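Please look at the sequence and the structure below before reading on.

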Amino acid sequence: MNDLPDDLLTPEAVADPDGAAAVLRAHDPVHWSPTHRAWLLTRFDDVVAAFKNPALSSDRVRPLMSARDEPSGDASQKMLGLISEWMVVTDPPAHTRLRRLAGAAFKQQQIAAMEERIQTLVDDLLDAFLAEGGTDLVAGVAYPLPAIVIAEMLGAPPEDRDRFRSWSDELALVAFGAGGDARPDRHERALRGLEEMAEYFRALVAHRRREPSGDMLSAMITGDDRSDGSGLSDDELVGMCALLLFAGHETTTNAIANAVRLLTADTELRDRVRDDPALVAPAVEEALRLVGPIKVLVRWVIEDHELRGRTIRAGERVYLVLCGANRDPERFADPDTVDLARSRATHIAFGRGVHACIGAQLARIETRIAVGTLLRRLPGLRVEGEPEYLPTIASRAQTSLPVVHDGSATVETASRP
Ligand code: HEM
């Protein structure tokens, strides 16, 4: 078929990525898209197999650097050079070592111990939102929460929180070919943000090397401090901090916003989840499956191989279309429906294989607490209007979440002089 919706950046595909993915999955699940110059994989089994296929590399930054014409001193090349060292774009064995060392910062008990603090942060943000008569839950809660959490977990002082947010924003302008922003200076801005952030983290690393504390950065410094020198270098620690800030921010913001829209669209479902705290976790899992923050992940082909009769050649790109896989009817019965009794471990919103999200536990805690608290404290919560998404291939990112709730009128009245 020639008329398949294989341009994921058309307004229709941005508004309804799941619809586009469903057509591809049904008619050509291993589809070559001339627009993206990439293979689009939309079946659950194919995507899961791709996560484990050594013919596919996660190093999608270096090929991009060599494909570009700019000289090496150019802002975009310098910026890509910094990102190319991040764990998420490396392959084993380099990845195996980085992942083992980063694991020290993600001990289950430590993450679980954050629950109380995250609850306080959500309540404080919501108090401020209500006091200001706010209407956009992205700006008020979903956006600031993950940046504050990761800044605190890394051990940065509270007064530096806003800087974390702006660095993360600048990076999002260019990250992984998101393509959401066409401003000509976006590479310069992202590079400036990255350099400033690197300088900041370098000082924090030096401080924590001298005075370790109970934070994530100290855990990464001391967690695997082997005498053979295999611990993380200062540059690697700086890169890891930048990656954690970036990987954990926008994704969690979108997880919260997407879940709120999905779960409040059906008032009966909303009230069921609000009235039974045990249903918040399965509801969040269904939201991650149905409206997950990451629509597509990119891999680079390093070895020719066959898939469903197609020859996939070295040098080509493969898009793992998570939003297609997570609604595959071969895998999920009644795939487009929220089913709170569905088994939780099956969706792949957090990826699979060696790169599976290292922050999944933290992300789940943040999203559950935020969603549960919003439903509980804002009775009658509903989102107004149709969603507006950033035009990117990779993320499902609502630009805002305008809400009303049964207390809206009270808040407006109270704020009037
Ligand atoms: C709901 C929110 C989140 C979603 C949907 C998400 C999703 C993902 C996915 C799909 C991957 C795999 C990438 C790949 O295979 O190329 C990944 C990796 C990663 N995530 Fe998350 N993530 C979320 C939150 C977080 C948080 C809160 C953190 C940390 C604070 C984090 C840190 C990372 C890191 C460091 C990696 C790279 C792991 C590696 O390369 O071994 N993520 N995430």
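Which residues line the largest cavity?

## The largest cavity

In this predicted model, the lining of the largest cavity is made up of Leu8, Ala13, Pro17, Ala21, Leu24, Lys295, Val296, Val321, Cys323 and Ile393. When the whole structure is searched, two cavities of 30 Å³ or more are found, and the largest has a volume of about 70 Å³.

Helix H2, which covers residues 17-27, gives the most to this lining, with three residues. Sorted by class, the residues that line the largest cavity are nine nonpolar and one charged, with no polar residue.

## The second largest cavity

The second largest cavity holds about 40 Å³ of space, and the residues that line this cavity are Leu288, Arg289, Gly292, Ile294, Leu322, Cys323, Asn326, Ala349 and Arg396. Two or more residues of this lining come from each of helix H16 (280-291) and helix H17 (322-325).

The lining of the second largest cavity divides into five nonpolar, two polar and two charged residues.

## The iron atom

Which protein residue is a donor of the iron atom of the ligand? The only protein donor is Cys357, through its SG atom, at 2.3 Å from the iron.

How values were computed: Residues are numbered from 1 along each chain as its sequence is written. This is a predicted model: local features need pLDDT of at least 70, side-chain atom pairs count only at pLDDT 80 or more; totals for chains, interfaces and linings use all residues. Side-chain values use heavy atoms; hydrogens and water are left out. On a 1 Å grid over the protein atoms alone, a cavity is a set of points where a 1.4 Å probe fits but cannot get out, and a pocket is an open set with protein on both sides within 12 Å along at least five of seven lines; lining residues have an atom within 4 Å of a point. Grid points are joined across faces, edges and corners, and a volume is the space filled by probe spheres set on the points. Helices (H or I, at least four residues) and strands (E, at least two) are DSSP runs, numbered from the N terminus. Ala, Val, Leu, Ile, Met, Phe, Trp, Tyr, Cys and Pro count as nonpolar, Asp, Glu, Lys and Arg as charged, and the others, Gly among them, as polar. Donors are N, O and S atoms within 2.8 Å of the metal (3.2 Å for Na, K and Ca); water is not among the atoms, so sites may look incomplete.
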